[in-house]
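Dear colleague,

Please find below the structure that I am handing over to you, with its sequence. My findings follow directly after it, and I would be grateful if you could read them alongside the coordinates.

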Amino acid sequence: MTHVDLFEFALRLADGGRISAGERRMHGAAAGWQVAAFHAGTDADLHADHWEMHPASDEVVCVWTGAVRMILRAEDGAGEESPVTLRPGAAFVVPRGRWHRLELDAPADLMSIGRRSGTRLERRAETPRGQA
């Protein structure tokens with residue numbers, strides 16, 4: 001493996017120092033660390049209508065182009081913390097087991113690094129427009 005299109009495939013970082021390319025699996029039981037890049041043109045590309053949680057590791061989200069807002073669920077589960085805006089060159093480390101989601105401010109190219117094993121998604125309760 002000498003050339004890998006990261007928008008097409010993910011890199012898997014295995015114990016023992018081996019690196020391989022394979023199917024991008026943002027959720028599910030993929031073992032080991034995964035490095036994946038993706039383009040987001042709409043909030044739907046970021047599953048902004050869902051909370052996500054990774055129990056097997058922290059996750060780092062890096063922004064190469066565009067802008068996104070990282071939103072963490074409050075630790076007590078009631079509401080959201082203030083969003084953190086990420087612009088090109090910025091990264092955010094989501095702690096292991098912390099529910100989070102992304103919203104798009106501008107079309108973006110992103111990279112995430114983490115262990116996907118056990119990743120969970122939960123549909124976000126909608127807040128009616130005009131209400132906080």
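From the N terminus on, the elements of the chain run β-β-β-β-β-β-β-β-β. In other words, the chain holds nine strands and zero helices. Please bear in mind that this is a predicted model.

On confidence, the mean pLDDT of the chain is 88, with 90% of its residues at 70 or more. Strand E7 has the highest confidence, at 98, and strand E2 (residues 19–22) the lowest, at a mean of 89. One stretch calls for caution: over residues 128–132 the pLDDT stays under 50, and the model has one contact for them beyond four places in sequence. Where pLDDT is low, the predicted coordinates should not be read in detail.

As to overall dimensions, the C-alpha atoms fill a box of roughly 50 × 30 × 20 Å along the principal axes. The radius of gyration of the chain is 15 Å, which agrees with the value near 14 Å that a compact globule of 132 residues would have. Of the 132 residues, 38% count as buried. The chain exposes about 7,500 Å², of which carbon and sulfur atoms supply 51%. Among contacts between residues at least 6 apart in sequence, 67% join residues at least 24 apart.

Which strands does E5 pair with in the antiparallel sense? E5 and E8 pair in this way over 12 bridges, with Ile 71 standing opposite Arg 101 in E8. Four bridges join E5 to E7, again antiparallel, and here Glu 59 stands opposite Val 94 in E7. Three bridges join E5 to strand E6 (residues 84–86), also in the antiparallel sense; Val 68 stands opposite Leu 86 in E6.

I turn next to the interior. In soluble globular proteins, nonpolar side chains tend to be buried together. In this model, the largest nonpolar core has 15 residues, and those with the most contacts inside it are Leu 46, Val 68, Met 70, Leu 102 and Leu 110. Strands E3 (33–40), E5 (59–72), E7 (91–94) and E8 (100–115) each give two or more residues to this core. E5 gives the most, with five residues. Not counting residues up to four places away in sequence, Val 68 touches a set of residues that includes Leu 46, Val 84, Leu 86, Leu 102, Leu 104 and Leu 110. A second, separate core has five residues, among them Leu 11, Val 35, Cys 62 and Met 111.

Finally, I would draw your attention to Arg 98, which lies in the loop between E7 and E8. Is Arg 98 buried or exposed? Arg 98 counts as buried because its relative accessibility is 14%, under the cut-off of 20%. Beyond four places in sequence, Arg 98 touches Glu 52, Met 53, Leu 72, Arg 73, Ala 74, Glu 75 and Glu 81.

With kind regards

Technical notes: Residues are numbered from 1 along each chain as its sequence is written. This is a predicted model: local features need pLDDT of at least 70, side-chain atom pairs count only at pLDDT 80 or more; totals for chains, interfaces and linings use all residues. Side-chain values use heavy atoms; hydrogens and water are left out. A nonpolar core is a set of buried Ala, Val, Leu, Ile, Met, Phe, Trp, Tyr and Cys residues joined through side-chain atoms within 4.5 Å. Buried means under 20% relative accessible area, exposed over 50%, partly exposed in between (1.4 Å probe, protein chains only). Contact means heavy atoms within 4.5 Å. Two strands pair if DSSP finds at least two bridges between them. pLDDT is the predictor's confidence in each residue, from 0 to 100. The radius of gyration is taken over C-alpha atoms; the globule rule is 2.2 Å times the number of residues to the power 0.38. Accessible areas come from the Shrake-Rupley method with a 1.4 Å probe; for residues, only the protein chains shown count as cover.
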